[in-house]
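Good morning, and thank you for coming.

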Amino acid sequence: MSVLVVGISHNSAPVSLLEQVALDRDGVAKLVHDVASCDHVTEATVISTCNRLEVYADVDRFHGSVEELSTLLVDRAGEATETMLPHLYVHYDDGAVSHLFQVAAGLDSMAVGEGQILGQTREALRLGQELGTVGTSLNVLFQQALRVGKRSRAETDIDQAAPSLVTAALARARDEIGEVAGRRVLVLGAGAMAGLSVATVSRLEAGEVVVLNRTPERARRLAREYDARPASLPELGAELAHADVVVTCTGATGVLVTRDMVAAARPDGRPLVLLDLALPHDVDPAVADLPGVTLVNLAELASEVQDSDAGLEVAAVRSIVTQEVAAFLTARRQASVTPTVVALRSMATSVVDAEMTRLGNRLPDLDEAARAEILHTVRRVADKLLHEPTVRVRELANEAGAVSYAAALAELFALDPEAVSAVTRPAVPDDARRGSA
């Protein structure tokens with residue numbers, strides 16, 4: 001199994017580009033089919049969210065597959081290849097396993113620890129099963145990723161990490177202008193972090209909450225959930241003139257809130273707190289020089305959260321993911337030598353049977369008791385001769401060059417390649433086909 005991931009997310013691209021590759025359900029299904037149709041792909045599925053589009057494929061060749069999958073994503077964006085490619089990322093084999101486990105655990109989300117990604121990962125598995133493009137390899141990988149995500153949330157409070165960041169930011173705002181209650185709060189963005197921010201300030205009884213986003217429909221959708229007021233991005237300057245607190249979390253490339261914009265909106269120096277929770281930042285650091293303006297960015301808050309209970313929970317989840325990745329890779333490497341071991345033992349059984357047949361032809365008067373004793377002895381000899389090599393090849397499977405050890409064993413014992421490849425992996429269980437995890 002060689003898993004390849006080609007994707008784009010809030011960590012690698014601006015929101016404007018993510019919006020261009022956003023797909024509805026039919027679009028995701030078509031992309032899965034297109035990936036599965038590629039020459040070197042045997043299995044495929046896609047994780048699609050508002051902040052990421054990732055193709056997962058089981059491939060038999062790296063370079064050709066990377067080119068084909070990258071081309072499919074570039075085509076979806078409708079951008080020139082040279083514009084799109086720098087924003088794509090690639091994970092292969094062990095790196096792909098680690099990446100998916102981190103995604104399912106919530107470590108790669110814009111709002112670290114958010115639980116929605118677990119359902120979206122489950123949906124990717126279910127869709128691939130429904131379309132018939134997920135086989136044993138991706139099924140095993142995704143099922144384990146879902147278990148890692150569940151374990152992370154069961155054993156830690158990782159789901160509190162993102163709310164803690166928002167809470168820490170608002171605590172800094174309270175230090176400057178007092179309680180949020182009754183204040184006018186402007187939230188720039190409509191992703192998971194923006195949703196948390198709107199929910200938090202609404203719970204704190206902000207006087208008015210305004211949601212701005214590049215895509216008006218996303219702003220309206222988030223605003224409706226919390227009785228907030230939507231606004232479009234061109235209205236940002238006018239909204240700044242009336243805000244007390246601004247929370248920005250768009251993840252766009254380049255600043256959206258400039259020094260000149262803030263200066264024009266607040267010529268009288270009235271207090272304004274800007275909480276920049278975006279990476280890269282949304283707010284020009286130079287706004288901090290303006291009278292009455294307080295800027296708090298993600299770097300300042302990260303140190304506070306890291307030392308808090310939420311930071312400890314993130315560290316605990318990273319430890320869980322590290323353990324789970326190591327265990328999964330060990331099991332996978334050991335499983336990779338199983339066909340060779342089974343073929344070797346099958347060959348030994350065939351040799352024993354052939355020799356017993358030959359002995360029977362040469363000694364037709366041999367009584368059954370003696371024949372049974374000889375058969376038992378010969379089998380014991382074969383088992384003892386094979387025991388050490390087969391145990392050692394499984395142990396060596398955990399080290400670098402595991403595939404070479406299995407190949408060497410096959411070469412040394414002149415195993416028929418067809419016999420090795422005929423040892424198939426177990427079929428996907430019925431409950432896995434139904435997507436239970």
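Helices (H or I, at least four residues) and strands (E, at least two) are DSSP runs, numbered from the N terminus. With that in mind, please find D93, in the loop between β4 (89–92) and α5 (94–105). The model is a predicted one: local features need pLDDT of at least 70, side-chain atom pairs count only at pLDDT 80 or more, and totals for chains, interfaces and linings use all residues. Residues are numbered from 1 along each chain as its sequence is written, and side-chain values use heavy atoms, with hydrogens and water left out.

D93 is not a glycine, yet its phi is positive, at about 55 degrees. For accessibility, buried means under 20% relative accessible area, exposed over 50%, and partly exposed in between (1.4 Å probe, protein chains only). D93 is partly exposed because its relative accessible area is 22%.

Let us turn to the interior. A nonpolar core is a set of buried Ala, Val, Leu, Ile, Met, Phe, Trp, Tyr and Cys residues joined through side-chain atoms within 4.5 Å. Which residues touch the most other members of the largest nonpolar core? They are V185, L275 and L277, in a core of 31 residues. Among the elements that give two or more residues to this core are α8 (161–177), β5 (184–188) and β9 (272–276). The largest share, seven residues, comes from α8. A second, separate core has 30 residues, including V5, V103, A124 and L138. In soluble globular proteins, nonpolar side chains tend to be buried together.

Helix α15 (residues 368–396) has 29 residues and reaches 42 Å from its first C-alpha to its last, close to the 42 Å expected at 1.5 Å a residue; the expected span is 1.5 Å times one less than the number of residues. Its buried residues are A382, L386, T390, V393 and L396.

The other helix, α14 (residues 309–362), holds R333. R333 counts as partly exposed because its relative accessibility is 22%. Where along the chain is its partner in this last comparison? R333 and R394 are 61 residues apart along the chain, and their C-alpha atoms are separated by 8.2 Å.
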